[in-house]
Amino acid sequence: MKLLHVDASPKGGRSNSRALARYFIASLQEQGVNLEIDYLDLRQQPPAHIDRSFTIAAYTPAAERTAAMKQALEPSDALCRRVLEADAFVFAMPMHNFSYPSVFKAFIDNIVRAELTYLVDDSGHYIGQLSRQKALFITTRGTDMRAGQPLSHMDALTHSLQSAFGFVGVQAPTFVDAQPTQFAATIEREQALARARIELLAVARDWVKQLP
Ligand SMILES: Cc1cc2nc3c(=O)[nH]c(=O)nc-3n(C[C@H](O)[C@H](O)[C@H](O)COP(=O)(O)O)c2cc1C
């Protein structure tokens, strides 16, 4: 299985989301899954933010692009190839101000591409091209935004991920959200991470069961 693993935390070795992603991948490997891992660390290799030349080039049909337009789109083309070639995704990120870190937004802006990751048919319907890929989102939140908690309505992260990846065809993604990981007593933070590890183990078992 070709797995695209993307980390978005700026915290490097001290990151909870990075540790949870490693735990999930190790769980798959311990269960005998043969993984070919394509790793992207957005802290080390942040995708460019969308600029004028990208915008013009991206909305010019591929057949009509100039050499300069093609060059402007090259890094985004390369990221699109990586997502299209993967069989599965593990995206790990902290919540930053109610949504994803800006590097992950830049990643999304680079991989949502007409004629590559989504097509538009003759009736104007969008057809996402990432419908065969499994997807796991691992998110960490300093506060507790689980259903029923006072801050639950402030979770703009889950819905935004569902919309962006749903648009490019990702079906039924799995979410494992560790919370509260920061603004709580030590015991609650440890329990949040322990809950997340239990959920991740269950997801790993599920993926193993679904292997051809
Ligand atoms: C810039 C910044 C913004 C944050 N915004 C939120 C937030 O909106 N809600 C929240 O619950 N936690 C927030 N946090 C806390 C992180 O989500 C939390 O510490 C998380 O566990 C970090 O994951 P990491 O260790 O993988 O980086 C924020 C942290 C930072 C650095």
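Modeller: A pocket here is an open set of points on a 1 Å grid over the protein atoms alone, where a 1.4 Å probe fits and protein lies on both sides within 12 Å along at least five of seven lines; lining residues have an atom within 4 Å of a point. Points are joined across faces, edges and corners, and the volume is the space filled by probe spheres set on them. This is a predicted model, so local features need pLDDT of at least 70 and side-chain atom pairs pLDDT 80 or more, while totals for chains, interfaces and linings use all residues. Numbering runs from 1 along each chain as its sequence is written, and side-chain values use heavy atoms, without hydrogens and water.

Biologist: How much space lies in the largest pocket, and which residues are closest to its centre?

Modeller: The largest pocket holds about 360 Å³. It has 21 lining residues, and the ones closest to the centre are K11, P94, G142, T181 and Q182.

Biologist: How does the lining of the largest pocket divide by class?

Modeller: Ala, Val, Leu, Ile, Met, Phe, Trp, Tyr, Cys and Pro count as nonpolar, Asp, Glu, Lys and Arg as charged, and the rest, Gly included, as polar. On that basis the lining has four charged, six nonpolar and eleven polar residues.

Biologist: What about the second largest pocket: which helix gives the largest share of its lining?

Modeller: That pocket holds about 150 Å³, and its lining has eight nonpolar, one polar and two charged residues. Among them are I50, F54, D109, R113, Y118 and F167. Helices are DSSP runs of H or I with at least four residues, strands are E runs with at least two, and both are numbered from the N terminus. Three lining residues, the largest share, come from helix α2.

Biologist: Which residues does F98 contact beyond its sequence neighbours?

Modeller: F98 lies in the loop between β3 and α4, and its 38% relative accessibility makes it partly exposed. Its C-alpha is 5.6 Å from that of D155, 57 residues away along the chain. Outside four places in sequence, F98 touches M145, M154, D155, A156 and L157.

Biologist: What is the phi of E115?

Modeller: Most residues other than glycine have a negative phi, and most peptide bonds are trans. F98 goes against that with a positive phi of about 75 degrees. E115 is in the loop between α4 and β4 and is partly exposed at 45%. E115 is not a glycine either, and its phi is positive, near 70 degrees.

Biologist: Now the fold: what pattern does the chain follow?

Modeller: The chain has six helices and seven strands. Of the contacts with a separation of 6 or more, 76% are between residues 24 or more positions apart. Read along the sequence, the pattern is β-α-β-α-α-β-α-β-β-β-α-β-α.

Biologist: And what is the radius of gyration of the chain?

Modeller: The C-alpha trace spans about 60 × 40 × 35 Å along its principal axes. The radius is taken over C-alpha atoms, and the globule rule is 2.2 Å times the number of residues to the power 0.38. For 212 residues a compact globule would come out near 17 Å, which agrees with the chain's 18 Å.

Biologist: What share of the accessible surface belongs to carbon and sulfur atoms?

Modeller: Buried residues make up 44% of the 212 in the chain. The accessible surface (Shrake-Rupley, 1.4 Å probe) is about 11000 Å², and the carbon and sulfur share is 52%.

How values were computed. Buried means under 20% relative accessible area, exposed over 50%, partly exposed in between (1.4 Å probe, protein chains only). Contact means heavy atoms within 4.5 Å.
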